[in-house]
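Colleague: I would like to learn how to read a model of this kind, feature by feature. Please give the general idea each time, then the case at hand.

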Amino acid sequence: MLTLTKYMRRLMFSALALVMLTSAGCGFHLQGSYSIPPQLRTLSLITPDQYSELSRLVQDRLRLHNISVKPVSAKLPRLTLMKDSLERSTLSIYPTGNVAEYELIYRVFFSIAMPDKEAQSFTAEVRRDYLDDPRTALAKSREMDLLVKEMRVQAADYIIQTLAATEVK
């Protein structure tokens, strides 16, 4: 004879098992966990500035996903970071004529090339709105630095997502 607590425990266990099975069956993955094709587990990273923050972030993401980076070779796939840029456009203006709100646009141009194949070019673009208040210039400068850093992190994540989605033939 089952008591009420044992019945509830079994019911909760069954519900949890059902949720896990249905989420695994639909292709659900935790954010940031990508299935990198085996052919891309070893690659060459080409970047104009290997000490830039974006290069460091991409290298960290590659290491996190167990992708080894080797020197450039004709036999290895190549991930090339071509250039990154930060643009700022005005979204709104105070009645005094000062800028009230900016839109920050961070773009990264990169390509992925398989050995003996033509490179595929991609663009990662991250947009953010930024409120500017001239009375708090120091705090706003720090906020903008943090926003740009976050945008770089998202661009590096996008590069890894693109790498995972690349068709290898």
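Colleague: What percentage of the residues of the protein chain count as buried?

Modeller: Buried means under 20% relative accessible area, exposed means over 50%, and partly exposed lies in between, with a 1.4 Å probe and protein chains only. Of the 169 residues of the protein chain, 30% are buried. This is a predicted model, in which local features need pLDDT of at least 70 and side-chain atom pairs count only at pLDDT 80 or more, while totals for chains, interfaces and linings use all residues. Residues are numbered from 1 along each chain as its sequence is written, and side-chain values use heavy atoms, with hydrogens and water left out.

Colleague: How many helices and strands are there in the protein chain?

Modeller: Helices (H or I, at least four residues) and strands (E, at least two) are DSSP runs, numbered from the N terminus. The protein chain has 3 helices and 5 strands, and along the sequence they follow the pattern α-β-α-β-β-β-β-α.

Colleague: What is the order of the strands in the sheet?

Modeller: Strands of a sheet pair through backbone hydrogen bonds, either parallel or antiparallel. Two strands count as paired if DSSP finds at least two bridges between them. Here the sheet is open, has 5 strands in the order β2-β1-β3-β4-β5, and its pairing is mixed. β2 (68-70) and β5 (120-131) are the edge strands, each pairing on one side only. Ignoring direction, neighbouring strands of this sheet are turned by 35 degrees against each other on average. Axes are lines fitted to C-alpha atoms, for helices over the stretch in contact, and angles run from 0 to 180 degrees between N-to-C directions.

Colleague: Which strands run parallel, and which run antiparallel?

Modeller: Strand β1 (residues 42-46) runs parallel to β2, and 3 bridges join them. In that pair, Ser 44 stands opposite Lys 70 of β2. β3 and β4 are antiparallel over 14 bridges; Arg 88 has Leu 104 in β4 as its bridge partner. β4 and β5 are also antiparallel, joined by 12 bridges, and Ile 105 has Arg 127 in β5 as its partner.

Colleague: How many residues lie between the strands of each hairpin?

Modeller: Between β3 and β4 there are 5 residues, and Gly 97 in that turn has a positive phi of about 100 degrees. The β4 and β5 hairpin has 6 residues between its strands, with Asp 116 in the turn at a positive phi of about 60 degrees.

Colleague: Which helix packs on the sheet, and which strands does this helix touch?

Modeller: Contact means heavy atoms within 4.5 Å. Helix α2 (residues 53-64) packs on the sheet and touches β1, β2, β3 (78-93) and β4 (99-113); its direction makes about 125 degrees with that of β3. Over the protein chain, of the contacts between residues at least 6 apart in sequence, 65% join residues at least 24 apart.

Colleague: Is β4 mostly covered or mostly open?

Modeller: β4 is mostly covered, with 12 of its 15 residues buried. Ser 111 lies in this strand and counts as buried because its relative accessibility is 6%. Leaving out residues up to four places away in sequence, Ser 111 touches several residues, including Leu 79, Met 82 and Gln 120.

Colleague: How many salt bridges does a search of the whole structure find?

Modeller: Side chains of opposite charge can pair when their charged atoms come close. A salt bridge is a side-chain nitrogen of Lys or Arg within 4 Å of a carboxyl oxygen of Asp or Glu. The search finds 9 of them. One joins Glu 53 and Arg 152 (3.3 Å, N to O). Glu 53 is in helix α2 and Arg 152 in helix α3 (residues 137-165), so this pair ties together parts that are 99 residues apart in sequence.
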